[in-house]
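Please find below a note on the structure under review.

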Amino acid sequence: MSETNRSALKEFLASIATIKGDLANITAPPFLLASQSTVEFPSYWAEHPSIFVAPASEPDPEKRALLVLKWFLAALKRQQYAGRDEKDGVKKPLNAFLGELFFADWTDEAGTTKLVSEQVSHHPPITACYLWNDDHGVRADGFACQSITFNGSVNIKQMGHAILHVVKYDEDYLIPLPNVKVQGLLTGSPYPELSGTYQIISSSGYVSEIDFSGKKLFGISGKKNIVRATLSGRRDAGKSKPLYTVEGTWNDKFTIRDEGSGKDIEVYDTSANPATPLRTADSTLQDAWESRKAWGQTIQSLNNGQMQAASDAKSKVEEGQREMRRQEAQQRNKWQPVFFRNDPQDERYSKLASLAETTPELDPQLGFWRFDLDKADAARKPFHGESRPDNTAS
């Protein structure tokens, strides 16, 4: 990091340290920005399609629950580093604008897995997503709302969850979203650390409990990014002892152990399992509201190291969005998402949460964002007519 950027970083950190409350929509200096938006982040759940669909081919519900736990853990590293190399640290993604869309797909021996992600709210910022593989009958929908504070580290509190469904067994899983602490900012080498205890709940009754802890709890010689997990049987059948355990680090290797046999059955190495490349439509074929099209000039400038140009292009979109919100308020219009709807309740969530000891954090005012098949069937480009994210006509 150059001295100029280091000085700017110190000024930025000093400024946000004086702010009380949520920093989710804070504007960061361009050199701190990643060249992707938060609306792309659900894609990291899909980067290992064969792991995502594996539960559909497993007849044993106990082992299906284990495969879901493996999928959850295998996705964490690239999620938290936003696909960047660990040595490059983390950067702040672009704040997704209201209505921003991202489409992608992945093809491997498991067939084709697809994703649609949409920014359905700006205050508070909420991203909703739907991930599916029709070849294997596995799908997931969910939503995330982040609250960000700063106390020397950046603390990202996540509200929301996902529900994974395996069609063949009519089985649901409640998937949590871990809280994140970005540490090392003051040294210029930021890295993510997950914290807290979470549960993945299966409608078949199996429960995976996942505990994240970091270097801080284990002294100077300890490792960062530690994860420990247990998979237990149906509590209503009196089988609460661990069937499987997982220990290791979510950014490197973790070992899965069969507690019945006392043997390790797999060591999952994140470095030995590269992500399947995603595919998106060529920019010339993308809608104006698709993320990489809308942020095209910003992304190109960031990648080329042209910080002023990146700032100017980013500001153009952000100013256009502010003007659109003012116009909506004057006309008393409410923004309508293209692919998702907001429900006051979700019966799937209620059933799964009733089996849990800990449940994902929820703000009742957020409701439950769900993929709407009828809206998706009716969706056609251009998704918002002649309107563009920067509030100019096409």
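1. Basis of the note. The model is a predicted one, in which local features need pLDDT of at least 70, side-chain atom pairs count only at pLDDT 80 or more, and totals for chains, interfaces and linings use all residues. Residues are numbered from 1 along each chain as its sequence is written, and side-chain values use heavy atoms, with hydrogens and water left out.

2. Overall make-up. Of its 394 residues, 51% are buried, where buried means under 20% relative accessible area, exposed over 50% and partly exposed in between, for a 1.4 Å probe and protein chains only. Among contacts with a separation of 6 or more, 58% are between residues 24 or more positions apart; a contact means heavy atoms within 4.5 Å.

3. Rolling a probe the size of a water molecule over the atoms shows where empty space is left. The structure has 2 cavities of 30 Å³ or more. A cavity is a set of points, on a 1 Å grid over the protein atoms alone, where a 1.4 Å probe fits but cannot get out, and lining residues have an atom within 4 Å of a point. Grid points are joined across faces, edges and corners, and the volume is the space filled by probe spheres set on the points. The largest cavity has a volume of about 50 Å³. Its lining consists of D141, G142, F143, H161, A162, I163, D346, R348, F368, W369 and R370. At least two lining residues come from each of β6 (138-150), β7 (154-166) and β17 (368-371). By class, the lining has 5 nonpolar, 2 polar and 4 charged residues; Ala, Val, Leu, Ile, Met, Phe, Trp, Tyr, Cys and Pro count as nonpolar, Asp, Glu, Lys and Arg as charged, and the others, Gly among them, as polar.

4. Second largest cavity. This cavity holds about 40 Å³ of space, and L101, F102, F103, T280, Q286, E290, S291 and R292 line it. Two or more of these residues come from each of β3 (101-108) and α5 (291-294). Which element gives the most to the lining of the second largest cavity? That element is β3, with 3 residues. The lining divides into 3 nonpolar, 3 polar and 2 charged residues.

5. Helix α6. In α6 (residues 296-303), the buried residues are T298, I299, S301 and L302. They lie on the same side of α6 because they cover an arc of only 165 degrees around the axis, the arc being that of the directions from the helix axis to the C-beta atoms. Exposed residues Q297, Q300 and N303 are on the face turned away from the buried side of α6. The cover over the buried residues of α6 includes β1 (33-37), β2 (92-94), α5 and α7 (307-331). After α6 comes G305, with a positive phi near 75 degrees.

6. Two buried loop residues. A82 is in the loop between α4 (76-80) and β2 and counts as buried at 11% relative accessibility. Not counting residues up to four places away in sequence, A82 touches Q36, F41 and Y44. S204, in the loop between β10 (191-202) and β11 (207-213), is buried with a relative accessible area of 16%. The side chain of S204 makes polar contacts with those of E171, at 3.2 Å, and S202, at 2.6 Å. A polar contact is a pair of N or O atoms within 3.5 Å; within protein, one must be able to donate a hydrogen and the other to accept it, and residues adjacent in sequence count only if both atoms are side-chain atoms.

7. Backbone geometry. Most residues other than glycine have a negative phi, and most peptide bonds are trans. A cis peptide bond, with omega about 0 degrees, joins H123 and P124; P124 is in the loop between β4 (111-121) and β5 (126-133). The bond from K381 to P382 is also cis, with omega near -5 degrees, and P382 lies in the segment after α9 (373-378). N225 is not a glycine, yet has a positive phi of about 60 degrees; N225 is in the loop between β11 and β12 (226-232) and is buried at 0% relative accessibility. N391, likewise not a glycine, has a positive phi of about 70 degrees, and is partly exposed with a relative accessible area of 28%.

Definitions and conventions: On a 1 Å grid over the protein atoms alone, a cavity is a set of points where a 1.4 Å probe fits but cannot get out, and a pocket is an open set with protein on both sides within 12 Å along at least five of seven lines; lining residues have an atom within 4 Å of a point. Helices (H or I, at least four residues) and strands (E, at least two) are DSSP runs, numbered from the N terminus.
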